[in-house]
Amino acid sequence: MVLGVGCAGRQTPDGSQEVVVSPIPVPQPVYPREELSNDLQELWKRVEEAVAVRPPEPPEGASEEAIETWAEGSFKQWLLQRQAATDRALAATQALRTHPLFERGIGTALFGYMYEDMAGSIRGAPVPESIAKDQELLEIYTDALTEHITPFAELSARAYYACLALFVKLEDPQWGEWAYYCDERGAEVVDTFELEPPEPVDPSTTVTQLVAPR
């Protein structure tokens, strides 16, 4: 059985699906969110929508065939849906290229969280007890998950380090909490996913450049 995936949401009176998003756990901006530029508000909304695309339930069966069917079915479908939502958020970053440093820093922090959440969603998928008890099956299951983790974790770390560079360059104590947030989250991503710390990022680097293939 292949399980469907999608956004968290609720049914509207006309029968359509309304996406319900949760707040992104970032510090409060110095200025209220509604007073930030329309471009940044749009990016923020799209990141929330991307994070709302939640991963599927684990496979019901414990056989290698069931795991492979799950990986190529509902899990792959989730990845495609999540990537489409991520690409939509990425498209909104172009407008921020000439915005103030603090807005670019916020946008970069949001991207760091979006990719961290994606990597964590893959890593944190529950393991059925029947699989957890079988070392061989557990390795197959784990490999199907971890194959996709590192690229997203690396993007998250690079975004957080870029966010830190932007707020350090800003040299405004009002935004110190954001610099600390990005520093802490970036270090945590590097530690959790066993990455090499990213190279120093030029504050002029855009989010689009950060996620470009190397």
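The model holds one disulfide, a term that covers a pair of cysteine sulfur atoms within 2.5 Å. Its partners are C163 and C182, with sulfur atoms 1.9 Å apart. The link of C163 and C182 is right-handed, with 70° about the S-S bond. C163 sits in helix α7 (residues 149-170) and C182 in helix α8 (residues 176-192). The pair joins distant parts of the chain, 19 residues apart. Helices here are DSSP runs (H or I, at least four residues), numbered from the N terminus. Both C163 and C182 are buried. Buried means under 20% relative accessible area, exposed means over 50%, and partly exposed lies in between (1.4 Å probe, protein chains only).

This is a predicted model: local features need pLDDT of at least 70 and side-chain atom pairs count only at pLDDT 80 or more, while totals for chains, interfaces and linings use all residues. Residues are numbered from 1 along each chain as its sequence is written, and side-chain values use heavy atoms, with hydrogens and water left out.

**The nonpolar core**

The largest nonpolar core has 56 residues. Such a core is a set of buried Ala, Val, Leu, Ile, Met, Phe, Trp, Tyr and Cys residues joined through side-chain atoms within 4.5 Å. V47, I106 and F111 touch the most other members. Helices α1 (38-51), α2 (64-72), α3 (74-91), α4, α6 (135-146), α7 and α8 each supply at least two residues of this core. The largest share comes from α4, with 11 residues.

E116 lies in helix α4 (residues 101-123). Its relative accessible area is 13%, so E116 is buried. Which residues does E116 contact, leaving aside its neighbours within four places in sequence? They are S156, Y160, R185 and V189. Contact means heavy atoms within 4.5 Å.

**Aromatic pairs**

The whole structure has 12 aromatic pairs. Rings of Phe, Tyr and Trp (its six-membered ring) pair if their centres lie within 6.5 Å; planes under 30 degrees apart count as stacked, over 60 as edge-to-face and the rest as tilted. One of the pairs is Y115 with F152, which is stacked: 6.4 Å centre to centre, with 15° between the planes. Y115 in helix α4 and F152 in helix α7 are 37 residues apart, so the pair links distant parts of the chain. Y115 counts as buried at 4% relative accessibility. F152 is buried too, at 12% relative accessible area.

F167 and W175 are also stacked, because their ring centres are 5.7 Å apart and their planes stand at 20°. F167 counts as buried, with 4% relative accessibility. W175 is buried at 2%. F167 and W175 belong to one aromatic cluster, which also includes Y31, F102, Y160, W178 and Y181.

| Residue | Phi | Loop | Relative accessible area |
|---|---|---|---|
| E171 | about 55° | between α7 and α8 | 68% |
| E194 | about 55° | between α8 and α9 (207-210) | 72% |

E171 has a positive phi although it is not a glycine. E194 likewise has a positive phi without being a glycine. Are these residues buried or exposed? E171 is exposed, and E194 counts as exposed.
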